[in-house]
Amino acid sequence: MKLDVIKLDSGKAGSIELADEIFGLEPRGDILQRVVRWQRAKAQQGTHSVLGKSDVSYSTKKIYRQKGTGGARHGSRKAPTFRHGGVYKGPTPRSHAFDLPKKVRALGLRHALSAKATAGELVIVEDLNLADAKTSAVAKAVKENGWKRVLVIDGAEVNEGFARAARNLEGVDILPSIGANVYDILKRDTLVITKAGVEALEARLK
């Protein structure tokens, strides 16, 4: 597929041929859902914890004699049936991560890129060079291009001047090509990729 290339100041900079096997697929929601779920599960901290019967602080002495009280038989006040007792089978710290085949992860990234291209939310820019690498210059470029929540993907190395100028702007995120992932792509309204980023992604996913 062919797409126009623009400059940051909205000027035209020719066109580029994008690989159909990466940017021209029919997006599949089931694959995207699997990859996003894998990403979010891996990112989950899993620090949830409660005190069990062996963790709560209380005497280990038998609370009353076994027989003759007319009540139920109990040995410990730390049992879950009592107030301030331990929690039965409560959550413990653990990892929520699970395995997902590399081929499925790569396929998910292709479908995410294709989804943005199909929806008309993919923009290719020549580069991220600014004459004046200031936050105001980036904000002006973003406003003129009509971008709101935007993810910018550069080549192997992120343009330092642009990254420094954009880091204080709400709704503008920048990643190197190796950091491109399904969740961040789908989360933003617009995906902006530099020509260097396109080359790096095509080399990574072909």
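**Helix packing, pockets and loops**

Reply: α3 and α7 (195-205) pack with their axes 11 Å apart, at an angle of about 145°. Here axes are lines fitted to C-alpha atoms, for helices over the stretch in contact, and angles run from 0 to 180 degrees between N-to-C directions. This is a predicted model, where local features need pLDDT of at least 70, side-chain atom pairs count only at pLDDT 80 or more, and totals for chains, interfaces and linings use all residues. Residues are numbered from 1 along each chain as its sequence is written, and side-chain values use heavy atoms, with hydrogens and water left out.

Me: Which residues make the contact of α3 with α7?

Reply: A106, L109, R110 and L113 come from α3, and L201, R204 and L205 come from α7. Contact means heavy atoms within 4.5 Å. By class that contact has 5 nonpolar, no polar and 2 charged residues. Ala, Val, Leu, Ile, Met, Phe, Trp, Tyr, Cys and Pro count as nonpolar, Asp, Glu, Lys and Arg as charged, and the others, Gly among them, as polar.

Me: Left-handed or right-handed, when α3 passes α7?

Reply: The crossing is left-handed. That label applies if the near helix is turned anticlockwise from the far one by less than a right angle, and clockwise would be right-handed.

Me: And what about α2 and α3, at what angle do their axes cross?

Reply: Roughly 115°, and the axes of α2 (residues 29-43) and α3 (residues 102-118) come within 9 Å. α2 also passes α3 in a left-handed crossing. On the α2 side the contact uses I31, L32, R34, V35 and W38, and on the α3 side V104, R105, L107, G108, H111 and A112. Those residues divide into 7 nonpolar, 2 polar and 2 charged. Helices (H or I, at least four residues) and strands (E, at least two) are DSSP runs, numbered from the N terminus.

Me: Which element gives the most to the lining of the second largest pocket?

Reply: α3, with 5 residues. This pocket holds about 190 Å³ of space, and R105, A106, L109, R204 and L205 lie nearest its centre among 14 lining residues.

Me: Is S177 buried or exposed?

Reply: S177 is buried, because its relative accessible area is 7%; buried means under 20%, exposed over 50%, partly exposed in between (1.4 Å probe, protein chains only). S177 is in the loop between β5 (172-175) and α6 (182-187). Leaving aside neighbours within four places in sequence, its contacts include I153, D154, G197 and R204.

Me: What's the phi of H84?

Reply: Positive, about 70°, although H84 is not a glycine. H84 lies in the loop between α2 and α3 and counts as exposed at 65% relative accessibility. K89 is in the loop between α2 and α3 too, with a positive phi near 50° and a relative accessible area of 70%, so K89 is exposed.

Technical notes:
On a 1 Å grid over the protein atoms alone, a cavity is a set of points where a 1.4 Å probe fits but cannot get out, and a pocket is an open set with protein on both sides within 12 Å along at least five of seven lines; lining residues have an atom within 4 Å of a point. Grid points are joined across faces, edges and corners, and a volume is the space filled by probe spheres set on the points.
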